[in-house]
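Open the structure in your viewer and get ready to click along. We'll go stop by stop, and at each one you'll hear what to select.

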Amino acid sequence: MYELLITHPFISALTALVALAVVFGGILGFAAVKFKVEGDPIVDQVDTLLPQTQCGQCGYPGCRPYAQAIANGDAINKCPPGGQSTINAIADLLDVEAPTLDEEHGEESDVKKVAYIREDECIGCTKCIQACPMDAILGAAKQMHTVIADECTGCDLCVEPCPVDCIDMIPVEKTLADWHWDNPANRTAVQHHDIIATDKQPSNDQDQDGAAA
Amino acid sequence: MTDFVVILISTILVNNFVLVQFLGLCPFMGVSNKLETAIGMGGATTFVLTLASICSYLVHNYILQPLGLEYLKTIAFILVIAVVVQFAKMFIEKTSPLLYRVLGVFLPLITTNCAVLGVALQNTAKAHNFTHSALYGFGAALGFSLVLILFSAMRERLAVADVPVPFKGAAIGMITAGLMSLAFMGFSGLV
């Protein structure tokens, strides 16, 4: 066998390359099984950052489908319930510039809201129950409905389907139990009051320098 | 022991693969826009280069040489490099999905990074033994990572610098790379 390989360079070259290819193919095949990626881990990480209101304002049926879409390259600024903080967090995760919220999909509201059904006007049509992504509306056909306030994420998807317009979005009042200080990351406050010492020149001075140069 | 140090200094500084031998310029210009990406790319290339130089040494000395098939070394090395890169790709995809996403197309492009093939071919040309081959590949990768990281740090600052309009973007990058290359020429008196 070895004799044959030595005396016929063509056969030896062929054998050597085929053998190499087979061995490497085996290694890669083994690695493909060993390092198999279950699902897309990026999707999971984006999904945990999204607010899980399942409101569908982004145009996808829920938060996880939107996370999937983001992983496939969709815009990250379609989530009004999450607001700018969620956009910043996703941008940070994916290492991209943070865009501002796309107003087309709804506005970010500063106060948390819950749906409230004016119960004496409710005709028991169950349309709002079908619209609610969180299953937060209790009721049956021709029975009065009501909203479980703790479950409601304030996505206002139930307002539109109601035929008698008896659903209001009311702001949640702050109580002693959930009151907290405002976050310090308020950019306008920093700019106006110079809370943090910096040697950075105000931006309008730089513009003047550039124009002069 | 001294020859180890000599090989490392020679590959990292004196005969730096990017700035002195001009191998692997594509990722050097392509992945140097952000420091974090550059560090990731440096790590991936170090892994691939070291493993590829070891594997190509084994293939050359234990398969090609006994059969008198040295003329096949280029195609055999390309095969080795392709496999190692593919393996590295699977490994990174499993261990660090974010790095995998950031590196994107540049990860499979390590295959066509001529520094990897260059190291393997130079190992056989210089008749290095096993440890020297591994060290040569490792040193070359360290040199590559070093200049990639230095260059990306400079480009991050260049991005906000007041560069004249005709020189903005890639042009100033090229000029900076040229100046870095000149600076690295200064190391030629070291060994």
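Here is the tour, starting with some ground rules.

This is a predicted model: local features need pLDDT of at least 70, side-chain atom pairs count only at pLDDT 80 or more, and totals for chains, interfaces and linings use all residues. Residues are numbered from 1 along each chain as its sequence is written, while chains are lettered from A and ligands numbered from 1 in the order in which they are written.

**Stop 1: chain B as a whole**

Select chain B and switch to cartoon view. Its secondary structure comes to eight helices and zero strands. Here helices (H or I, at least four residues) and strands (E, at least two) are DSSP runs, numbered from the N terminus. Of the 191 residues in chain B, 41% are buried. A residue is buried if 20 or more other C-beta atoms, placed from the backbone, lie within 10 Å of its own, exposed if 12 or fewer, and partly exposed in between.

**Stop 2: the core**

Now select B:Val48, B:Ala52, B:Val80, B:Val84 and B:Val116. In the largest nonpolar core, which has 52 residues, these five touch the most other members. Such a core is a set of buried Ala, Val, Leu, Ile, Met, Phe, Trp, Tyr and Cys residues joined through C-beta atoms within 7 Å. The elements of chain B that give two or more residues to this core are α1 (2-14), α3 (35-64), α4 (73-95), α5 (97-103), α6 (114-125) and α7 (130-160). With twelve residues, α3(B) gives the most to this core.

Which residues is B:Val84 in contact with, leaving aside its neighbours within four places in sequence? They are B:Val48, B:Leu51, B:Ala52 and B:Cys55. Being in contact takes C-beta atoms, placed from the backbone, that lie within 7 Å.

**Stop 3: two crossing helices**

Show α7(B) together with α8(B), residues 170-185. Their axes come within 11 Å and cross at roughly 135 degrees. Axes are lines fitted to C-alpha atoms, for helices over the stretch in contact, and angles run from 0 to 180 degrees between N-to-C directions. That angle makes α7(B) oblique to α8(B), because angles under 35 degrees count as roughly parallel, over 145 as roughly antiparallel, 65 to 115 as roughly perpendicular and the rest as oblique.

To see the meeting place, pick B:Val147, B:Phe151, B:Met154, B:Arg155 and B:Leu158 in α7(B), then B:Ile172, B:Gly173, B:Thr176, B:Ala177 and B:Met180 in α8(B).

Next, select α1(B): its buried residues are B:Ile7, B:Thr11, B:Ile12 and B:Leu13. What covers them includes α7 and α8 of chain B.

Also in helix α8 of chain B is B:Leu179. Is B:Leu179 buried or exposed? With 11 C-beta neighbours inside 10 Å, B:Leu179 counts as exposed.

**Stop 4: where the chains meet**

Bring chain A back. In this meeting, 17 residues of chain A are in contact with 18 residues of chain B. On the side of chain A that touches chain B, α2 (9-34) and α3 (41-49) of chain A each supply at least two residues, and α2(A) gives the most, with eleven.

**Stop 5: two loop residues in chain A**

Finish with A:Asp135, in the loop between α6 (127-131) and β2 (137-138) of chain A. A:Asp135 has a positive phi of about 60 degrees although it is not a glycine. Then click A:Asp165, in the loop between β3 (146-147) and β4 (167-171) of chain A. Phi of A:Asp165 is near 50 degrees, a positive value. Most residues other than glycine have a negative phi.

Technical notes
Two residues are in contact if their C-beta atoms, placed from the backbone, lie within 7 Å.
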